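Please examine the sequence and the model before reading on.

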Amino acid sequence: MTQTIAAVRASGLAKRYGAGDSRVVALAGVDVEFRRGEFTAIMGPSGSGKSTLMHCAAGLDRADEGTVWIGDTELTALRDDDALTRLRRDRVGFVFQAFNLLPTLTALENITLPFDLAGRKHDQETLDAVIAALNLQNRLHHRPSQLSGGQQQRVACARALVTRPEVVFADEPTGALDSAASAELLGFLRRSVDALGRTVAMVTHEPSAATYADRVLFLKDGCLVDEIHAPTADSVLERMKSLEKAAA
Ligand SMILES: Nc1ncnc2c1ncn2[C@@H]1O[C@H](COP(=O)(O)OP(=O)(O)OP(=O)(O)O)[C@@H](O)[C@H]1O
C-alpha cells in the first residue's frame with residue numbers, strides 16, 4: 001500500500017567530480033521521492049548518475065548541493081559523521097552487488113551485525129521472520145565462503161531488513177547472480193514491500209529486474225528524464241533503447 005509520506009525525499013541534488021577539462025557533472029539537480037511501501041527501480045545508461053544518486057540519497061556520499069530527508073530527518077543537515085553513521089545503521093538497509101558480508105562471521109552473525117554495532121538486542125520475532133522468509137534456517141552457522149552467491153545475497157538482504165529500516169537501497173543486487181538466484185532475490189525484495197511494508201530503491205541495468213518494481217525512474221546525464229509505472233520488460237527495454245540512442 002502506498003502512503004503519502006515519503007520514506008526518502010531529495011531535492012536539487014547536484015554532484016560534480018573533478019575540475020577544468022576533467023570536470024564531470026554526475027548529478028545535475030535531481031528531485032526525487034521514494035514513497036513508503038513502494039519498490040522503485042533506477043535505470044539509465046552507464047555513467048548517467050545512478051550510483052551517485054543512490055549514494056547521496058543514502059548518506060554514503062555527500063552531494064555538493066541539495067537536501068535529502070530520510071523520513072522526518074534531514075540527512076544533509078547532519079554534519080557530524082557519528083550522527084550520519086547512526087542514521088545509516090539504524091534506519092537504512094543496504095544490499096550491494098558484491099554482498100559485502102564479513103568473511104569471519106557466520107551468516108547469523110552477519111545478519112545481526114547492525115544490532116551488535118549499535119549495542120542493542122535484536123527483536124527475535126523479526127529475526128525469525130526474516131530468516132524464514134529468506135529460507136536461511138539451514139545456513140545460519142555457515143560462513144560466507146561456505147555459501148553460494150545467491151545464499152550470500154540472501155544473508156545480505158536479511159541483514160538489510162532485520163532492523164526494519166525506513167528504506168532499503170539495493171545497488172545492482174543481482175549483478176553477480178545467475179538468473180534463478182536473481183529471480184529468487186527479486187521475488188523476495190518484492191515480498192518485503194508487499195508483505196512487510198518495506199520501501200525499496202534499486203539500481204539495476206537489467207530490464208527483467210526492473211519489472212519487479214512498482215515504477216522505474218530513468219536517469220540521463222545526471223538528470224531524471226522519465227518514469228514508468230507498472231513496468232514490463234518491453235516498456236523498460238524500449239525506454240532504455242531510446243535513451244542509449246540519444247546518448248550515442
Ligand atoms: N569518484 C569519482 N571521481 C570522478 N568521477 C566520478 C566518480 N564517481 C563517479 N564519477 C563519474 O560520475 C558520473 C556518474 O557516475 P555513476 O557511477 O553515478 O554512474 P552510473 O549511472 O551508476 O554508471 P554505471 O551504470 O556505469 O555504474 C560518471 O561520468 C562517472 O565517471
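How far apart do the end C-alpha atoms of residues 8–246 lie, and what share of the span is helix and what share strand? The end C-alpha atoms of this span are 30 Å apart, with 36% of the span in helix and 26% in strand. Helices (H or I, at least four residues) and strands (E, at least two) are DSSP runs, numbered from the N terminus. In UniProt, an unreviewed entry lists residues 8–246 as "domain: ABC transporter"; the positions follow the numbering used here, feature names are shortened, and annotations may be inferred rather than shown by experiment.

The model is predicted: local features need pLDDT of at least 70, side-chain atom pairs count only at pLDDT 80 or more, and totals for chains, interfaces and linings use all residues. Residues are numbered from 1 along each chain as its sequence is written.

**The chain as a whole**

The protein chain contains nine helices and 10 strands. Its C-alpha trace spans about 50 × 45 × 35 Å along the principal axes. The radius of gyration is 18 Å, which agrees with the value near 18 Å for a compact globule of 248 residues. This radius is taken over C-alpha atoms, and the globule rule is 2.2 Å times the number of residues to the power 0.38. Of the 248 residues, 40% are buried. A residue is buried if 20 or more other C-beta atoms lie within 10 Å of its own, exposed if 12 or fewer, and partly exposed in between, with C-beta atoms placed from the backbone.

The shell around the ligand includes Tyr17, Val24, Gly44, Lys50 and Thr52; a residue is near a molecule if its C-beta atom, placed from the backbone, lies within 6 Å of it. By class, the shell has three nonpolar, eight polar and one charged residues. Here Ala, Val, Leu, Ile, Met, Phe, Trp, Tyr, Cys and Pro count as nonpolar, Asp, Glu, Lys and Arg as charged, and the others, Gly among them, as polar.

Strand 2 (24–35) and helix 1 (50–57) each supply at least two residues of this shell. Helix 1 gives the largest share, three residues. Because six of its eight residues are buried, helix 1 is largely enclosed by the rest of the structure. The buried residues are Lys50, Thr52, Leu53, Met54, Cys56 and Ala57. After helix 1 comes Gly59, which has a positive phi near 80°.

Is strand 7 (167–171) mostly covered or mostly open? Five of its five residues are buried, so that both faces are covered. Val167, Phe169 and Asp171 lie on one side, and Val168 and Ala170 on the other.

Strand 7 pairs with two strands, where pairing requires that DSSP finds at least two bridges between them.

Strand 7, helix 7 and strand 8 form a right-handed β-α-β unit; right-handed means that, with the strands pointing away from the viewer, the path from the first strand over the helix to the second runs clockwise.

**Two loop residues**

Gly175 lies in the loop between strand 7 and helix 7 (179–194). It counts as partly exposed because it has 16 C-beta neighbours inside 10 Å. Glu38, in the loop between strand 2 and strand 3 (39–43), counts as buried because it has 21 such neighbours.
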